[in-house]
Amino acid sequence: MLYGLFIVVVLLLFLWMVYLLLIMPAKVDKSKYKWFTSYKYAHRGLFTHDQTIPENSLPAFKRAVENGYGIELDVRISTDDQIYVFHDDTLTRMTGVDKKTETLSYPELLEYKLGNSDAKIPLFSEVLEIVNGKTPLIVELKKSKRYPELCQKTYDLLKNYKGNYCIESFDPRIVKWFKDNAPEILRGQLSMRYKKFKSFGDFIYKKIILENLLSNCSAKPHFIAYRWKDMDKLSLRLCKKLGAFMACWTVKDKEGWEKTEPFFDGIIFESDVD
């Protein structure tokens, strides 16, 4: 019986060590990235909830700069290889047009106005020109079948940018691309508690691997960006103990601020300042 108990203990210790190796983030010299912890980050720019200053628009980014906030934004690649700033997989919510973004060229995307405004979907290069190093950027690369091209073209635009920035993605393949091809860039793994699944394979990938940050062994993120309401997740808290920066999304109320400020290094928020 003691032998059997010994085997169980050894097995549990082995599994625990494997788990720690799987979630192990990259080592990061936090003294090099003090800017990361010095700002609050406006989610998709400092937009208004009535979308008269729409999310991920040039006016929203200008407003964030003017109010002293960092900026979180989303980038995608068009069919004509342009890197543009937009969040959703479809145009429906922001333009009222039921079209998938990945099927459109940038000139086609320019046909539509954002929210309740005359603003158009901006190129990432336009955003970089406007921000011009005045505030830090968190650049989220959206999941794409063409992710290697998305990564390369985004990196090409960032190479000569003089301001502070980092990249993040829900897709660990994108985070790994930057580890392999641009290791000097601060990189983050986005995640959350997942509740919806298309298949059993999707359940395994999202619920087991992504939610528990088991892809860290491959992507080696410097920071974890997790939904703040899921901040009790064991893997997240262990990554903090293991030295990773912590970022959270998306704080929208007083409760969020009170709970996140003691734990997270970077806070992505969504709020009007008027």
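Glutamate 261 is partly exposed, because its relative accessibility is 46% (buried means under 20% relative accessible area, exposed over 50%, and partly exposed in between, with a 1.4 Å probe and protein chains only). The structure is a predicted model, in which local features need pLDDT of at least 70 and side-chain atom pairs count only at pLDDT 80 or more, while totals for chains, interfaces and linings use all residues. Residues are numbered from 1 along each chain as its sequence is written, and side-chain values use heavy atoms, with hydrogens and water left out.

Glutamate 261 forms a salt bridge with lysine 40, with 3.8 Å between the closest N and O atoms (a salt bridge is a side-chain nitrogen of Lys or Arg within 4 Å of a carboxyl oxygen of Asp or Glu). Lysine 40 belongs to strand S1 (residues 40–43) and glutamate 261 to the loop between helix H12 (254–260) and strand S9 (266–269), so the pair ties together parts 221 residues apart in sequence. Helices (H or I, at least four residues) and strands (E, at least two) are DSSP runs, numbered from the N terminus. Lysine 40 is also partly exposed, because its relative accessibility is 29%.

The whole structure contains 21 salt bridges. Among the residues involved, Arg44, Glu55, Asp74, Asp88 and Arg93 are linked in a network. Arginine 44 and glutamate 55 are both buried. Arginine 44 also forms a salt bridge with aspartate 74, at 4.0 Å between the closest N and O atoms. Aspartate 74 lies in strand S2, so its pairing with the loop residue arginine 44 ties together parts 30 residues apart in sequence. Aspartate 74 counts as buried because its relative accessibility is 0%, and arginine 44 because its value is 11%.

The largest pocket holds about 1,500 Å³ of space. Its lining comprises 44 residues, of which His87, Asp89, Lys142, Lys143 and Phe170 lie nearest the centre. Two or more lining residues come from each of strand S2 (70–77), strand S4 (137–141), strand S5 (165–169), helix H9 (200–210) and strand S8 (245–251). By class, the lining divides into 12 nonpolar, seven polar and 25 charged residues. On a 1 Å grid over the protein atoms alone, a pocket is an open set of points with protein on both sides within 12 Å along at least five of seven lines, and lining residues have an atom within 4 Å of a point.

Several backbone features were also identified. A cis peptide bond, with omega of about -25°, joins tryptophan 249 and threonine 250, and threonine 250 is placed in strand S8. Aspartate 81, although not a glycine, has a positive phi of about 70°; this residue is found in the loop between S2 and strand S3 (83–85). Asparagine 132, likewise not a glycine, has a positive phi of about 50° and lies in the loop between H6 and S4. Asparagine 132 is exposed, because its relative accessible area is 54%. Most residues other than glycine have a negative phi, and most peptide bonds are trans.

Definitions and conventions
1 Å grid on protein atoms, 1.4 Å probe; cavity = no way out; pocket = protein on both sides within 12 Å on 5 of 7 lines; lining within 4 Å. Points joined across faces, edges and corners; volume = space filled by probe spheres on them. Nonpolar A, V, L, I, M, F, W, Y, C, P; charged D, E, K, R; others polar.
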